[in-house]
Amino acid sequence: MNNRASQLRAIDRLLTIMNELREQCPWDRKQTLQSLRHLTIEETYELGDAILDNDLEEVKKELGDLLLHIVFYAKIGSETEDFDIADVANGICEKLISRHPHIYGDVAVENEEDVKRNWENLKLKEGKKSVLEGVPRSLPALVKASRIQDKVAGVGFDWEEPQQVFEKLQEELAELQEEVEARDQEKIEAEFGDVMFSMINYARFLKVDAESALERTNKKFIKRFQYLEQKAKENNKALRDMTLREMDVFWEEAKKL
């Protein structure tokens, strides 16, 4: 691994290249905070994919892409004299120090839950009107639900045992079934949302990241279905012309891979 001096030289090299690109490259010179936003989101999802695949080489590359975006935003901020990379780094350093009084102060904690509670309480003391202010509005719904639950749990609004959450989930499922039988589409959607929210909450109590779990299932399904498509092609058949029983043979094969 690189030592601290090598790490700092690498960051300095990146800052120099960013300056050169901003001055000399027509595309880089044209970019704004707004034009980079969707690209940053895309890079974040690509990093997420690499992490789920446990592809460490790809993780390294995607982290580089994200680091470039951070440097890019900071460079744009410096041009308007609003902030630069030093302000960004010092800002997060000060936040980390103030939010970790058990490391940089005299606060005692016993476990991770104490740390999380202190974190949320400190944010309120800093002027936040709600513990939910830190949940981005544009987060995907599943991720947002998980973050909402984490936030409120951090200030003590939570179930005590996993079994309580499971019973709540069963209650929500029963209410959903009632609305399905009543065929009230608006209420079906509302109850379905409650079921999803309860599922995500239960996942939290099981120490399962709901987003990652679902994405792993997505990847598993894609892999199996593509195997099914491949086998159908090898047998000169179109999926639409196959029976479910025929497709199930290949599906079961795929599950054993």
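1. An unreviewed UniProt entry places the feature "coiled-coil region" at residues 159–189. This is a predicted model, and in it the span 159–189 is 84% helix and 0% strand. The C-alpha atoms at the ends of residues 159–189 lie 25 Å apart.

2. The MazG-like annotation. UniProt, again in an unreviewed entry, gives "domain: NTP pyrophosphohydrolase MazG-like" for two stretches, residues 31–103 and 162–224. Residues 31–103 are 85% helix and 0% strand. Their end C-alpha atoms are 40 Å apart. Residues 162–224 are 90% helix and 0% strand. Here the end C-alpha atoms are 32 Å apart.

3. Domain division. The protein is divided into domain 1 (4–99), domain 2 (141–208) and domain 3 (213–255). Taken over C-alpha atoms, the centres of domain 2 and domain 3 are separated by 32 Å.

4. The largest pocket. What is its volume, and where does it lie? The largest pocket has a volume of about 660 Å³. Elements giving two or more residues to its lining are α3 (33–52), α8 (141–153) and α11 (210–234). The largest share, nine residues, comes from α3. Domain 1 (4–99) and domain 2 (141–208) both contribute lining residues, so the largest pocket lies between them.

5. Lining of the largest pocket. In total, 22 residues line the largest pocket. T44, Y45, L139, P140 and V143 lie nearest its centre. By class, the lining has 11 nonpolar, five polar and six charged residues.

6. The second largest pocket. This pocket holds about 480 Å³ of space. The elements that supply two or more residues to its lining are α7 (112–125), α8 and α10 (185–205).

7. Lining of the second largest pocket. Which residues lie nearest the centre of the second largest pocket? They are E113, K116, D150, R204 and K207, out of 20 lining residues. By class, the lining of the second largest pocket has nine charged, seven nonpolar and four polar residues. For the largest pocket, the class counts are six charged, 11 nonpolar and five polar.

8. The cavity. How many cavities of 30 Å³ or more does a search of the whole structure find? The search finds one. The largest cavity has a volume of about 30 Å³. It is lined by E120, K123, K128, S130, V131, E133 and G134. By class, the lining of the largest cavity has four charged, two polar and one nonpolar residues.

9. Helix α1, length check. Helix α1 covers residues 4–24, which is 21 residues. At 1.5 Å a residue, α1 should span 30 Å.

10. Helix α1, N-terminal end. What caps the N-terminal end of α1? The cap is N3. A side-chain oxygen of N3 lies 3.3 Å from the backbone nitrogen of A5.

11. S6 in helix α1. S6 lies in helix α1. The side chain of S6 makes a polar contact with the side chain of R9, at 3.0 Å. S6 and L63 are 57 residues apart along the chain, and their C-alpha atoms are separated by 18 Å.

Technical notes. Residues numbered from 1 in each chain as written. Predicted model: local features only at pLDDT ≥ 70, side-chain atom pairs only at ≥ 80, totals over all residues. Heavy atoms only, no water. 1 Å grid on protein atoms, 1.4 Å probe; cavity = no way out; pocket = protein on both sides within 12 Å on 5 of 7 lines; lining within 4 Å. Points joined across faces, edges and corners; volume = space filled by probe spheres on them. Helix = DSSP H or I, 4+ residues; strand = E, 2+ residues; numbered from the N terminus. Nonpolar A, V, L, I, M, F, W, Y, C, P; charged D, E, K, R; others polar. Domains from an automatic or database assignment. UniProt positions renumbered as here; feature names shortened; annotations may be inferred. Expected span 1.5 Å × (residues − 1). Polar contact = N/O pair within 3.5 Å; in protein donor to acceptor, adjacent residues only side chain to side chain.
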